[in-house]
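Please keep the sequence and the structure in view while reading.

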Amino acid sequence: MLLVACTSDQSPLLPSQGATDGEIAPRVSTVQRASESEHQRLLSAFGGEYRAPKARAVLDEVVQRLSKAGEGQIGSYEITILNSPAVNAFALPNGRLYVTRGLLALANDTAEIASVLAHEIAHVTAQHAVERAERELESALVSQVVSQVLKDPAQGAAVQAGSKLSLAKFSRQQELTADQISVRNISRAGYDPYGAGRFLAALGRNTAFRSSGQNQSSDDKRLDMLSSHPQTPERIAAVTAAARQIGAPGIGERDAGRWLSAIDGIAYGDDPRDGVVRGRQYLNSALRIGFTAPEGFGLEAARDMVIGVSANGTQALRFDSVSLKAGQTLQSYVAAGWIDGVETTAIESLDIAGQPAVIAVGKGTDWTFRLAAVQAGNRVYRFILAARGGDPERPMRALLSSFRVLSAEEAHTVKPMQVRTVAAAADDTPATMAARMPDQERARELFMVLNGIERGGALTPGQRYKIIAE
């Protein structure tokens, strides 16, 4: 899921900490004292730490260079790579920096990743995060994220399905201030100051790519975006103007080769432990099950669940699993209802892939639900298909007919996708590169987004580019 923080032009998911210009001595607060607890909760909520020694080495070097160039403003920072496909970066007030592997895959050179880290450090040194977080209950933001991601309210599923977690934000001015500081700091550290603009442009293209894939309406996009948060074009213009004050394009380091080598082989997309999405198909090697979403749905694998939204936004899907209590039957479990405020009726028993199953109708205030449960031992696989205006019976039955148990051999073949870098041949084009990514939806568009290639852009023979492959 695209749970973006202050690196994006959408609402921040978590405290992304930032800075201002003066030399401000950090003050100890309840927020800072809670940082270790928040760190552990963040690891839990974002799939744990992702081990990528080559990428970590480059990130550590970038921070060291930023620290030396910070004229005493930048202290000691520790970087954690989170095992999440989301494009996200943030920090805690005590100087813990976080980047997701999804963000690492989007950056194209050392200057771009330096701009991300410099922006987050700027929030910390300016104490933006402390000022905001002290207005919250201690650790409340992280607790709320964890509860919404890991718990089971029906409304929470719909929120997650639309990628609309919006729990914390910096002010518009704080974001712009952090942008300005980051441009100056990466330049002092010897990096190309135009890297900030390039990464923000990549962020905007990625957001547009994901949004178009979900066919979001303009109303949906407004829900994702903070009215006080500067949009990407404004931020790009501001950081570009700041870079021009430093010098003409072409100054500073932007080592694409080193960065691409550092991220070659990192995981891309879903963690196989949570199952993987291949178009409309979901496969889980640990549970050894798979199914295909109804036509027009986009799926996202989250922790312990799968969520999806139809192209027109009128239907939502959720899949997860629970254990039956001792002596509890499948029919009694479904009849008791597992969605608060939804009355369950018309319970029908059937057989799905050789397993006992139940399908039922649920009625809410504005939504009609089709609920289904498939039993395997004491485990129950649950499907919720919700529709606004109309009964989703047909798509639910199509979904259930696709449910299957994977063979041991098939489960073994479910492997994570990875970022791979390949050199372009003289006759290569974005289309031929995209042909190397057959498992990816809209592969040509994705290739251009990942590599920062504008529409109509050509490839440079011999230059290395990112593709997604097993």
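A residue is called buried when its relative accessible area is under 20%, and exposed when that area is over 50%. The model discussed here is predicted. With the cut-off for buried residues in mind, helix α18 (residues 443–450) is largely enclosed by the rest of the structure, because six of its eight residues are buried.

**Helix α18**
- The buried residues of α18 are Ala443, Leu446, Phe447, Met448, Val449 and Leu450.
- After α18 comes Gly452, which has a positive phi near 65 degrees.

**The nonpolar cores**
- The largest nonpolar core holds 69 residues, and the members that touch the most others are Leu59, Val99, Leu104, Leu117, Trp259 and Phe447.
- Helix α5 (residues 110–125) supplies the largest share of this core, with eight residues.
- Another core, of 23 residues, lies apart from it and includes Tyr282, Ile359, Leu385 and Met396.
- Leu104 touches Ala55, Leu59, Ile81, Val99, Ile113, Trp259, Ile263 and Ile266, when residues up to four places away in sequence are not counted.

**Helix α3**
- Helix α3 (residues 53–69) has 17 residues, which at 1.5 Å a residue should span 24 Å; its end C-alpha atoms are 24 Å apart, in agreement with that value.
- Buried residues in α3 are Ala55, Val58, Leu59, Val62, Val63, Leu66 and Ala69.
- Viewed down the axis of α3, these buried residues fall within an arc of 135 degrees, and therefore they line one face of the helix.
- An α-helix has 3.6 residues a turn, so residues three or four places apart point the same way.
- Pro53, Gln64 and Lys68, on the other side of α3, are exposed.
- The partners against which the buried residues of α3 pack are β1 (78–82), β3 (96–100), α4 (101–106), α5, α9 (172–188) and α13 (256–263).

**An open sheet and its helix**
- An open sheet is formed by four strands in the order β5-β6-β7-β15, with antiparallel pairing.
- Its edge strands, β5 (276–278) and β15 (404–405), each pair on one side only.
- Strands β5 and β6 (residues 281–284) run antiparallel and are joined by three bridges.
- Opposite Val277 stands Tyr282 in β6.
- Helix α15 (residues 393–402) lies across β7 (289–292) and β15, and runs at about 145 degrees to β7.

**Strands β16 and β17**
- Strand β16 (residues 417–423) pairs with β17 in the antiparallel sense over six bridges.
- Ala423 has Arg464 in β17 as its bridge partner.
- Strand β17 (residues 464–469) is mostly covered, with five of its six residues buried.

How values were computed
Residues are numbered from 1 along each chain as its sequence is written. This is a predicted model: local features need pLDDT of at least 70, side-chain atom pairs count only at pLDDT 80 or more; totals for chains, interfaces and linings use all residues. Side-chain values use heavy atoms; hydrogens and water are left out. A nonpolar core is a set of buried Ala, Val, Leu, Ile, Met, Phe, Trp, Tyr and Cys residues joined through side-chain atoms within 4.5 Å. Buried means under 20% relative accessible area, exposed over 50%, partly exposed in between (1.4 Å probe, protein chains only). Helices (H or I, at least four residues) and strands (E, at least two) are DSSP runs, numbered from the N terminus. Contact means heavy atoms within 4.5 Å. Two strands pair if DSSP finds at least two bridges between them. The expected span of a helix is 1.5 Å times one less than its number of residues. The arc is that of the directions from the helix axis to the C-beta atoms. Axes are lines fitted to C-alpha atoms, for helices over the stretch in contact, and angles run from 0 to 180 degrees between N-to-C directions.
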